[in-house]
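Colleague: Please pick out one part of this model and take a close look at it. I would like the surroundings too, with cut-offs.

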Amino acid sequence: MPIVSLNSVSKTYGSFKAVDNVSLEVSAGCIFGLLGPNGAGKTSTIRMITGITLPDSGEISLFGEPQRLEHQNKIGYMPEERGLYRKLTVRNQLEYLGALKGLDKATLKKNIDYWLDRFEIRSWEKKKTNELSKGMQQKLQFIVTILHDPEVLILDEPLSGLDPINSEVINDIILEEKAKGKSIMLSTHRMEQVEQLCDEIALMNLGKVVLAGKLREVKERSGKKMVRLVFSGNDHLASKLEHFPIRIAESHPNELLFEMQAGANAKQILQAAIDSVNIIKWELVEPPLKEIFLEAVGQ
């Protein structure tokens with residue numbers, strides 16, 4: 001049973017149709033990636049799921065039943081923009097927002113202490129929000145989202161402003177929540193995060209869903225034959241291979257990612273590479289999601 005279901009949902013602001021007849025399902029217990037370029041309709045879709053706005057047409061179901069106000073306490077929503085009170089201290093902010101979600105004092109204190117320690121920011125609990133860096137505010141925003149132990153997490157660009165170490169902390173927590181049976185909906189521009197975490201994806205463009213399904217199946221359906229070649233000794237290998245029927249997708253000083261096109265002979269390409277460089281790795285790989293994303297949006 002899907003935990004979130006949208007059936008022919010549309011939303012218009014004035015003359016602008018932000019969401020156009022969108023249908024999608026988020027399976028229970030999975031990590032679902034909602035992707036798309038700026039202005040695709042992702043945030044408008046999320047705001048309808050969380051009940052911040054209502055659809056002009058179509059139906060939304062949550063937890064197997066028609067959407068209703070009581071569902072909001074089962075959802076943790078982290079918006080891309082900050083939703084924090086600038087003059088409140090870190091602890092007071094968490095106490096207030098946690099109480100709004102119905103947590104009693106004992107549970108609230110326990111949860112706040114746990115998350116402050118988990119993010120190693122206990123020493124900042126008396127600081128006001130406007131004294132925090134962008135990254136520290138992002139940590140606080142995430143704690144607010146997860147503090148009441150929601151059944152569904154909806155995260156809009158959760159890694160914005162975070163360094164690689166804290167990005168890994170967030171990713172680890174997302175996987176831990178999934179292991180507990182929680183469902184996570186993730187909207188992000190970071191394709192590597194989607195590749196690492198997501199079971200299912202939907203790609204939106206111009207208010208419509210243009211591609212959806214399980215991540216592995218989406219990659220298989222693309223039909224792309226990709227090769228990743230890692231080498232040393234020559235950083236102009238791409239020019240040496242340009243007469244072969246291949247398309248260079250990524251070119252780095254010691255690495256190439258290319259698509260084998262019709263008529264390409266892997267043995268000949270490999271031999272040409274061996275004649276030019278020292279081969280460290282030659283492997284057939286799944287097409288990166290970035291490739292599928294760019295092709296789908298381009299079409």
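Modeller: Arg247 belongs to strand 12. Strands here are DSSP runs of E, at least two residues long; helices are runs of H or I, at least four long; both are numbered from the N terminus. The model is predicted, so local features need pLDDT of at least 70, side-chain atom pairs count only at pLDDT 80 or more, and totals for chains, interfaces and linings use all residues. Residues are numbered from 1 along each chain as its sequence is written, and side-chain values use heavy atoms, with hydrogens and water left out.

The scale: buried is under 20%, exposed over 50%, partly exposed in between, with a 1.4 Å probe and protein chains only.

Now the partners. Contact means heavy atoms within 4.5 Å. Neighbours within four places in sequence are set aside; Arg247 then touches Lys224, Leu257, Phe258, Glu259, Gln261 and Glu291. With Glu291 there is also a polar contact between side chains, at 2.3 Å. That term covers N or O pairs within 3.5 Å; within protein, one atom must be able to donate a hydrogen and the other to accept it, and residues adjacent in sequence count only if both atoms are side-chain atoms. Leu88 is another matter: 159 residues away along the chain, its C-alpha atom is 54 Å from that of Arg247.

Strand 12 (246-252) also meets helix 9. The buried residues of helix 9 pack against this strand and against strand 11 (226-232), helix 8 (237-240), strand 13 (255-260) and strand 14 (278-285).

Which residues of helix 9 are buried? In this helix, residues 266-276, they are Ile269, Ala272 and Ala273. They span an arc of only 100° around the axis, so they sit on the same side of helix 9. The arc is taken from the directions that run from the helix axis to the C-beta atoms. An α-helix has 3.6 residues a turn, so residues three or four places apart point the same way.

The face turned away from the buried side carries exposed residues, Lys267 and Asp275. Lys267 also takes part in the N-terminal cap of helix 9. There, a side-chain oxygen of Asn265 lies 3.0 Å from the backbone nitrogen of Lys267.
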